[in-house]
Amino acid sequence: MKARPVEGLNAKGPLRPNMARIIRVRLEELRSFADAALAPDASEAQHDMRIAAKRLRYLLEIFAGCVGEEAEEARRAAKRLQSTLGDLHDCDLMLPKVEAIPAVAALLRRRRQRLFGEFVELWQAEASKGTWAALEAALRS
């Protein structure tokens, strides 16, 4: 998945507005996959969401100190999302390779189902806590 371009950066301007713009674009990129990724069989959207979570996480690792605790909380959430979605993607990659071994394929399908449930719970929990909204608010201040 190609990263969305970040428009309006000012190379000669102050760091904070540029940093905030980049983080907002990456956060919107992450959120844009949620509706599709929350469908159990949406492996492509789930994989794209994992990549978006990774991009946001790495940015927040660099800039969390400039933004505050809201960025650190969002970084932790993005890391959990990235990890869970990565494990889910691993299942998607392995399933075609083990279909000829029914017992193994069944185990892998159950693991994928469990991981998908964890992903949904994680996404809903972060939305309920207001993790992403708090990050946006911190970027405005």
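**Entry 1: helix against helix**

I am working with a predicted model.

I began with helix H4 (residues 69-98) and helix H5 (residues 102-129), whose axes come within 9 Å and cross at roughly 160 degrees. Angles over 145 degrees count as roughly antiparallel, so H4 is roughly antiparallel to H5. The handedness was my next check, and H4 passes H5 in a left-handed crossing. I also sorted the contact of H4 with H5 by class, and found 16 nonpolar, one polar and ten charged residues.

Then I turned to the other pair, H3 and H4. Here the axes come within 7 Å and cross at roughly 155 degrees. H3 is therefore roughly antiparallel to H4. This crossing, too, is left-handed. By class, I get twelve nonpolar, six polar and nine charged residues for the contact of H3 with H4.

**Entry 2: the whole chain**

I stepped back to look at the chain. It has six helices and zero strands, and along the sequence I read the pattern α-α-α-α-α-α. The C-alpha atoms fill a box of roughly 60 × 30 × 25 Å along the principal axes. How much of the chain is buried? Of its 141 residues, 42% count as buried. I looked up contact separation as well: among contacts with a separation of 6 or more, 67% come from residues 24 or more positions apart.

**Entry 3: helix H6**

Which residues of helix H6 (residues 131-140) are buried? I listed Thr131, Trp132, Leu135, Ala138 and Leu139. They span an arc of only 120 degrees around the axis, so they lie on the same side of H6. I then asked what these buried residues pack against, and the partners are helix H1 (15-32), helix H3 (43-67), H4 and H5.

Setting aside residues up to four places away in sequence, I find Leu139 touching Arg16, Ala20, Ile23, Arg24 and Val67. I also took a distance from Leu139 to Leu95: these two are 44 residues apart along the chain, and their C-alpha atoms are separated by 41 Å.

**Entry 4: Met49**

Next came Met49, which sits in helix H3. Is Met49 buried or exposed? Its relative accessibility is 0%, so Met49 counts as buried. What is Met49 in contact with, beyond neighbours within four places in sequence? I noted Leu30, Phe33, Ala34, Ala37, Leu85, Phe119 and Trp123. I checked Arg31 for distance as well: Met49 and Arg31 are 18 residues apart along the chain, with their C-alpha atoms separated by 8.1 Å.

**Entry 5: Asn18**

My last stop was Asn18, placed in helix H1. At 13% relative accessibility, Asn18 counts as buried. Leaving aside neighbours within four places in sequence, I see Asn18 in contact with Gly8, Leu9, Asn10 and Gly13.

Definitions and conventions. Residues are numbered from 1 along each chain as its sequence is written. This is a predicted model: local features need pLDDT of at least 70, side-chain atom pairs count only at pLDDT 80 or more; totals for chains, interfaces and linings use all residues. Side-chain values use heavy atoms; hydrogens and water are left out. Axes are lines fitted to C-alpha atoms, for helices over the stretch in contact, and angles run from 0 to 180 degrees between N-to-C directions. Helices (H or I, at least four residues) and strands (E, at least two) are DSSP runs, numbered from the N terminus. Angles under 35 degrees count as roughly parallel, over 145 as roughly antiparallel, 65 to 115 as roughly perpendicular and the rest as oblique. A crossing is left-handed if the near helix is turned anticlockwise from the far one by less than a right angle, and right-handed if clockwise. Ala, Val, Leu, Ile, Met, Phe, Trp, Tyr, Cys and Pro count as nonpolar, Asp, Glu, Lys and Arg as charged, and the others, Gly among them, as polar. Buried means under 20% relative accessible area, exposed over 50%, partly exposed in between (1.4 Å probe, protein chains only). The arc is that of the directions from the helix axis to the C-beta atoms. Contact means heavy atoms within 4.5 Å.
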